[in-house]
Amino acid sequence: ENVETRREELYSGIEELFKEHEGKHHLVLRPLIFVNAKDKADPEIEVLKKTITELTFDHPCWGERMPNACVPLELEIAELVAEGKQIMSLVEVKELNDISEVSVLSPEQLTDFLHYQHSLGKIVYFDTPQLRDNVIISPLLMVEVMRSFITDVEFWPKEDKTRKTFKKMSENGMIQKLDLYQIWEQEEFCQILPFKEYIFDMLIHLDIVSEQRRYDTKTGSRLPIEHFFVPCMLTQRNDTDFLTQECTPERTLSLAFVFKGTIIPPALPNRLICACLSMWTLKQYRGRKLMFSGFVGLSVDKEHDIVVCVEGNKILLYLIHKRSKGLIVPEIATSVRECLHLTLERISEFYQSTVHEKVRSQLPFHTEYSCSRFICYFPEERLALKTDECVCKHGDDITLNWKVWNQEQKQKQCDLDCTGLSEDALSQFPNNIELLRLSVNCETRMIHDLALHLEMEETEWSDKVENYPRNTQMVKFLTLIDLRENNGIRFRDLAKGLTEMKLTMHTLCMMRRRKQVMSNIPDDILDSIPTDEILDNISPQIGKMVFQLGTELGLSIADLENIDKCNCDLTAQSKEVLFTWRRDKLVRPTIRVLEQALVNSRKGARCLEEVVKNVDPKTLRAVETVTDRIKDNEDRIIHNIQTSQILDHMMTHLVISADDRLDVEHYPRHDDQNKALLDIVIKRREPAYSVFVDGLRNYGYEDIANDLECVTHDISPSPTLVSAENEGMSKGVINTSNECLY
């Protein structure tokens with residue numbers, strides 16, 4: 001009895017919802033039909049039929065004359081669909097056309113036929129390089145494909161391993177290709193499996209799954225893809241207070257990529273977020289990962305975080321400094337902006353190409369820079385002219401922010417109009433990296449005079465010179481550290497001291513600059529985490545710069561002093577510094593980070609280039625996959641498995657030696673033995689990893705073995721370990737025999 005009232009309420013609500021939507025003219029809102037599913041005679045069913053018929057007549061293709069020559073092929077395809085066939089290769093379609101007894105379409109006519117049938121919704125066919133070799137003749141197959149992995153928790157598979165994939169996807173929206181293939185191995189989706197590559201490419205084309213797409217910043221070419229983002233599985237909006245608590249005017253710079261129109265197609269920011277996830281570390285805030293629908297928070301390094309989020313027709317970028325926006329490193333701001341701009345540019349070009357639109361020189365977005373309150377935005381064109389005074393209604397000169405985002409990479413001196421560090425920055429304590437950069441950019445005599453001016457005793461300086469007679473860089477750096485720790489100096493004290501000594505305060509500006517890296521290492525290598533072998537090979541080449549390198553990599557002074565005490569050998573110190581850095585997962589420890597640290601510490605990147613020049617990026621990524629799988633299951637392995645059984649299995653297959661076994665078993669605690677074994681497995685790569693997994697399966701740990709199982713054919717054994725291991729294996733066999741004889 002309330003149908004008419006409810007109908008009007010709902011219609012008014014829908015009308016209000018879409019009243020300003022630019023696609024409103026595409027929506028059919030009238031009539032709003034209610035069908036009583038319990039009443040076969042419900043008159044609204046007739047209304048539904050009538051409406052569908054009218055919409056059909058309104059279709060642009062209705063009434064068009066169809067060539068009789070197309071009818072036989074259409075009927076043949078319909079018959080195959082009735083028999084249960086869902087996908088045909090283009091070759092099969094051509095063969096079906098060629099054997100027609102009535103009419104045979106020419107190649108051009110066949111292409112037109114496929115496009116026409118697609119436009120009517122009878123088939124799915126895209127004439128793109130990845131998809132043109134197959135035709136979905138039963139479009140309902142795509143419903144099954146969607147249902148296979150986009151579904152409510154109530155319908156998740158009961159099987160434990162596949163269920164974990166769904167749980168992980170619902171938490172972070174990410175999935176790997178192999179995980180999706182595993183889902184399709186279930187009996188109810190087995191019809192998808194023979195065409196898995198084609199279907200996966202179709203999902204990407206339709207933006208149901210977004211590629212974690214990355215681009216080489218030097219060439220603009222695409223880099224290999226590891227993970228995929230399923231945006232519709234991540235529906236949670238940002239409900240944290242991160243923006244209000246952390247993105248404060250005192251600590252944050254912001255800009256916006258503004259698109260034409262009132263909204264941005266969701267697939268575009270989804271692809272951008274995927275690219276960001278591959279370049280930087282997902283940030284955690286109060287125990288929660290900052291990844292939500294249209295929002296992602298990431299850590300660039302220990303001082304800089306970024307947020308990318310969508311608001312209306314803008315993609316907003318926030319760059320947050322841990323202490324003060326006046327200490328933001330301009331080179332970091334510039335590289336982040338350039339990287340996101342390039343990625344958006346490539347994604348936009350891709351969309352233009354998919355709708356057969358000629359790629360235009362003018363981008364569908366432009367950049368605007370905000371004031372400190374994130375309210376006023378000025379377009380880049382106006383700021384770049386440098387003729388206007390770009391002061392917003394709040395009195396902020398937005399040109400200053402624009403300069404940070406657009407730093408000349410090779411510029412070594414401040415601009416003529418540079419006013420030095422901001423008041424807020426001057427009130428902060430300098431961190432270790434900033435003091436290191438100050439020491440590197442100042443002569444020894446200058447640091448000496450500044451230290452005495454800031455009330456350090458001459459004897460303290462002399463003690464440092466005596467402790468490091470051959471390392472003046474260490475003397476300068478530790479002097480500044482002591483001034484901060486013992487005298488409590490801030491940036492303001494350093495500025496005041498320099499001024500009173502009649503030296504330029506702009507020396508402090510150089511503390512927030514970093515050297516430009518002219519890298520010859522490919523981006524797919526730079527974005528990978530270094531293996532043990534790479535760290536082992538680079539360690540002997542660092543020499544006495546180990547302390548400075550450790551500081552640039554973010555290790556604390558206490559950690560570095562402890563490493564210095566425990567290891568007299570410089571190579572051992574370097575190795576410990578590098579492995580300690582790699583264990584810190586707060587910021588992704590990539591080869592790019594290591595390269596920048598080597599350049600900043602004045603060691604240079606040449607030694608690293610030599611070490612990685614013959615490294616296969618597939619091996620690096622595969623090693624990361626193996627390491628991640630072990631780390632994900634580390635607690636279960638450490639606490640549950642019996643070490644002796646697995647050691648027996650691995651020795652039988654000659655992937656560890658008797659000496660290795662002794663190294664593992666000398667630990668009294670069972671958990672420590674398992675940790676030592678995992679270290680060996682990670683370091684040895686293949687075939688040790690596969691033998692280890694097989695051992696787990698053979699001795700009753702099948703669940704763990706299944707979770708560890710992955711495609712490892714790209715993981716080559718470490719060349720530096722092969723000869724040593726082979727030698728060890730020989731010794732191992734002899735030692736074992738001797739022990740048995742004894």
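Guide: A residue is called buried here when its relative accessible area is under 20%, exposed when over 50%, and partly exposed in between. The structure is a predicted model.

Visitor: What share of the residues of the protein chain counts as buried?
Guide: The cut-off for buried is under 20% relative accessible area. The protein chain has 742 residues, and its C-alpha atoms fill a box of roughly 100 × 90 × 55 Å along the principal axes. The share of residues that count as buried is 49%.

Visitor: How many helices and strands does the protein chain have?
Guide: Among contacts between residues at least 6 apart in sequence, 68% join residues at least 24 apart. The secondary structure of the chain comes to 35 helices and 15 strands.

Visitor: Why is strand β6 described as largely enclosed by the rest of the structure?
Guide: Thr 252, Ser 254, Ala 256 and Val 258 point one way from β6, and Leu 253, Leu 255, Phe 257 and Phe 259 point the other way. Residues on both of these sides are buried. Strand β6 covers residues 252–259, and it is largely enclosed because the number of its eight residues that are buried is eight.

Visitor: Which residue in β14 stands opposite Phe 257?
Guide: On one hand, β6 pairs with strand β13 (residues 314–321) in the antiparallel sense over seven bridges, and there Ser 254 stands opposite Tyr 318. β6 also pairs with strand β14 (residues 365–370), again antiparallel, over five bridges. In β14, the residue opposite Phe 257 is Thr 367.

Visitor: Which residues of β11 point the other way from Phe 295, Gly 297 and Ser 299?
Guide: Strand β11 spans residues 295–299, and five of its five residues are buried. Phe 295, Gly 297 and Ser 299 take one side. Pointing the other way, and also buried, are Val 296 and Leu 298.

Visitor: In β12, which residue is the bridge partner of Gly 297?
Guide: β11 and strand β12 (residues 304–311) run antiparallel and are joined by five bridges. A hairpin of four residues connects the two strands. The partner of Gly 297 in β12 is Val 307.

Visitor: Which residue takes a positive phi in the hairpin of β10 and β11?
Guide: Strand β10 (residues 291–292) runs antiparallel to β11 and is joined to it by two bridges, with Phe 292 partnered by Phe 295. The hairpin has two residues between the strands. The residue with a positive phi, near 70 degrees, is Gly 294.

Visitor: How many charged residues are in the contact of α32 with α33?
Guide: From α32, Leu 677, Leu 678, Val 681 and Arg 684 meet Ala 688, Tyr 689 and Phe 692 of α33. Six of the residues in this contact are nonpolar and none is polar. The number of charged residues is one.

Visitor: How many disulfides are found in the whole structure?
Guide: A disulfide needs two cysteine sulfur atoms within 2.5 Å. The cysteine sulfur closest to that of Cys 392, which belongs to Cys 376, is 4.1 Å away, so it is too far for a bond. Cys 392 is itself buried, with a relative accessible area of 7%. Across the whole structure, the number of disulfides is zero.

Visitor: Is Arg 602 buried or partly exposed?
Guide: Arg 602 is found in the loop between α26 (591–600) and α27 (606–612). Its phi is positive, about 70 degrees, although Arg 602 is not a glycine. With a relative accessible area of 46%, Arg 602 is partly exposed.

Methods:
Residues numbered from 1 in each chain as written. Predicted model: local features only at pLDDT ≥ 70, side-chain atom pairs only at ≥ 80, totals over all residues. Heavy atoms only, no water. Contact = heavy atoms within 4.5 Å. Nonpolar A, V, L, I, M, F, W, Y, C, P; charged D, E, K, R; others polar. Buried < 20%, exposed > 50% of the residue type's maximum accessible area, 1.4 Å probe, protein only. Pairing = 2+ DSSP bridges.
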